[in-house]
Amino acid sequence: MAASSASKLFRAGRSLLGGLKDPNGSIGLSKDLPRSYLFSQQQRTFIQMRTNLKVVDNSGAKRVMCIQALKGKRGARLGDTIVASVKEAQPGGKVKKGQVVYGVVVRAAMQRGRSDGSEIKFDDNAVVLVNKQGEPIGTRVFGPVPHELRKKKHVKILSLAQHIA
Amino acid sequence: MRLEKCWFCSSTVYPGHGIQFVRNDAKIFRFCRSKCHKNFKMKRNPRKVKWTKAYRRLHGKDMTQDSTFEFERKRNRPERYDRNVTENTLKAIKKIDKVRVDREARHHTMRMRGKKTMEQREAAKELEQSIHMVKAPALLQQEPSLTLPKIKVKVSQQLSEENRMEE
């Protein structure tokens, strides 16, 4: 009887651990949700050190890793500037791999509240490289940009943008 | 200020509510509440989800074409402020809403007509077939008054025919 109770406890412990590892584990399985549901319930947070961002201008860089968020204790959000290191670059561009650059976050997966009370969020994290004065290094910007940039005085980026969300 | 439509359920999104999701191809999806947003993230097709307007329109449960819908078309020209126009518009909105609700009610009644007769036909058939579940057949033959225990007889002619058949 002791052995059976011990085995029961062992099984209970195992299921608990299983629940802890998998964020939606037991609940998800019991409701029989599709696999994709588990993956799409991500908690989106700020852009902080080591965050990889996509570069959406033609300055030459492809991917960039955030080193420092210039404002904000927890990290950068939509419309903030960051200091980043170029991780991947096109061969003949204005910036090279390993260079430290400034960037403006133009798309963030974390939702940002607007003054009218609604919230907006994008599909990915994207950045436009700028110089110290805030002027973009590239000459084109791809994809949609939010109009939060207007308040942050990044008018040049807005003018280059194809679509303002 | 603009009243948008939720992409998933087609209800109006008032200012201060909901989340806007901008996809990289610059398509904007607006959601009225997290229920719709979560369904979207699950990649559900609103045309297949029963409680959305898209499903109801597609399956003929709600009105599709009506002249009252023309008034709600999206217009991108800003109107110059004119007090009289605003006043008239507010009155018109009320009237149009009333008309639309009346028409939707009428559509609903048209959709549901024939349900009552069908229900009664089915009830009579069930009575004829399944009366043995309520009363024993031997007992029914003995006392014919027991065949109709406490049923409200609206279509009295049909059921009295059943009664005569039992006898």
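In the predicted model, Arg30(B) has a relative accessible area of 22% and is therefore classed as partly exposed. The side chain of Arg30(B) forms a salt bridge with that of Glu4(B), with an N to O distance of 3.5 Å. This pair links distant parts of the chain, since Glu4(B) belongs to strand 1 (residues 4–5) of chain B and Arg30(B) to strand 4 (residues 28–31) of chain B, 26 residues apart. Glu4(B) is likewise partly exposed, at a relative accessible area of 21%.

Over all chains, the structure holds 14 salt bridges. A further example in chain B joins the side chains of Lys91(B) and Glu87(B) at 3.7 Å, N to O. Both residues lie in helix 3 (residues 83–112) of chain B, where a spacing of four residues corresponds to about one turn of the helix. Lys91(B) counts as exposed because its relative accessibility is 53%, above the 50% cut-off. Glu87(B), with a relative accessible area of 39%, is partly exposed. Salt bridges with shared partners also connect Lys5(B), Glu72(B), Asp97(B) and Arg100(B) into one network. Within this network, the side chains of Glu72(B) and Lys5(B) meet at 3.7 Å, N to O.

Chain B contains six helices and four strands. Along the sequence, these elements follow the pattern β-β-β-β-α-α-α-α-α-α. Of the 167 residues in chain B, 21% are buried. Among contacts in chain B with a separation of 6 or more, 43% involve residues 24 or more positions apart.

Chain B is divided into domain 1 (1–62) and domain 2 (63–128). The centres of domain 1 of chain B and domain 2 of chain B, taken over C-alpha atoms, are separated by 21 Å. Eight residues from domain 1 of chain B and 10 residues from domain 2 of chain B take part in the contact. The area buried between the two domains is about 630 Å², with carbon and sulfur atoms giving 34% of it. On the side of domain 1 of chain B, Arg2(B), Arg57(B) and Asp62(B) lose the most area to domain 2 of chain B, and together they account for 61% of what that side buries. One salt bridge is counted between domain 1 of chain B and domain 2 of chain B, and four residue pairs are in polar contact across the interface, both members at pLDDT 80 or more. Helix 2 (residues 53–58) of chain B supplies three residues, the largest share of the side of domain 1 of chain B that touches domain 2 of chain B.

The interface between the chains involves 16 residues from chain B and 19 residues from chain A. Chain B and chain A bury about 1600 Å² between them, 54% of it on carbon and sulfur atoms. Zero salt bridges are counted between chain B and chain A, whereas nine residue pairs are in polar contact across their interface, both members at pLDDT 80 or more. Strand 3 (19–22) and helix 1 (34–41) of chain B each contribute at least two residues to the side of chain B that touches chain A. The largest share of that side, four residues, comes from strand 3 of chain B.

In the largest nonpolar core, which has 22 residues, those with the most contacts inside it are Ile47(A), Leu53(A), Val64(A), Ile82(A), Val101(A), Val127(A) and Leu129(A). At least two core residues are supplied by each of strand 1 (52–55), strand 2 (61–69), strand 3 (81–89), strand 4 (100–107), strand 6 (119–122) and strand 7 (126–130) of chain A. Strand 2 of chain A provides four residues, the largest share of this core. A second, separate core of 12 residues includes Val56(A), Ala126(A), Val130(A) and Leu149(A). Beyond residues up to four places away in sequence, Leu129(A) touches several residues, among them Val55(A), Val64(A), Val101(A), Tyr102(A) and Ile137(A).

In chain A, the side chains of Asp80(A) and Lys152(A) meet in a salt bridge at 3.2 Å, N to O. Asp80(A) lies in the loop between strand 2 and strand 3 of chain A and Lys152(A) in the loop between helix 4 and helix 5 (155–160) of chain A, so the pair ties together parts that are 72 residues apart in sequence. Asp80(A) counts as buried at 11% relative accessibility, while Lys152(A) counts as partly exposed at 33%. Lys151(A), in helix 4 (residues 148–151) of chain A, counts as exposed at 75% relative accessibility. Lys151(A) and Gly79(A) are also 72 residues apart in sequence, with a C-alpha to C-alpha distance of 9.0 Å.

Technical notes:
Residues are numbered from 1 along each chain as its sequence is written. Chains are lettered from A and ligands numbered from 1 in the order in which they are written. This is a predicted model: local features need pLDDT of at least 70, side-chain atom pairs count only at pLDDT 80 or more; totals for chains, interfaces and linings use all residues. Side-chain values use heavy atoms; hydrogens and water are left out. Buried means under 20% relative accessible area, exposed over 50%, partly exposed in between (1.4 Å probe, protein chains only). A nonpolar core is a set of buried Ala, Val, Leu, Ile, Met, Phe, Trp, Tyr and Cys residues joined through side-chain atoms within 4.5 Å. Contact means heavy atoms within 4.5 Å. Domain bounds come from an automatic or database domain assignment. Buried area is the accessible area (1.4 Å probe) that two parts lose on being put together, summed over both. A salt bridge is a side-chain nitrogen of Lys or Arg within 4 Å of a carboxyl oxygen of Asp or Glu. A polar contact is a pair of N or O atoms within 3.5 Å; within protein, one must be able to donate a hydrogen and the other to accept it, and residues adjacent in sequence count only if both atoms are side-chain atoms.
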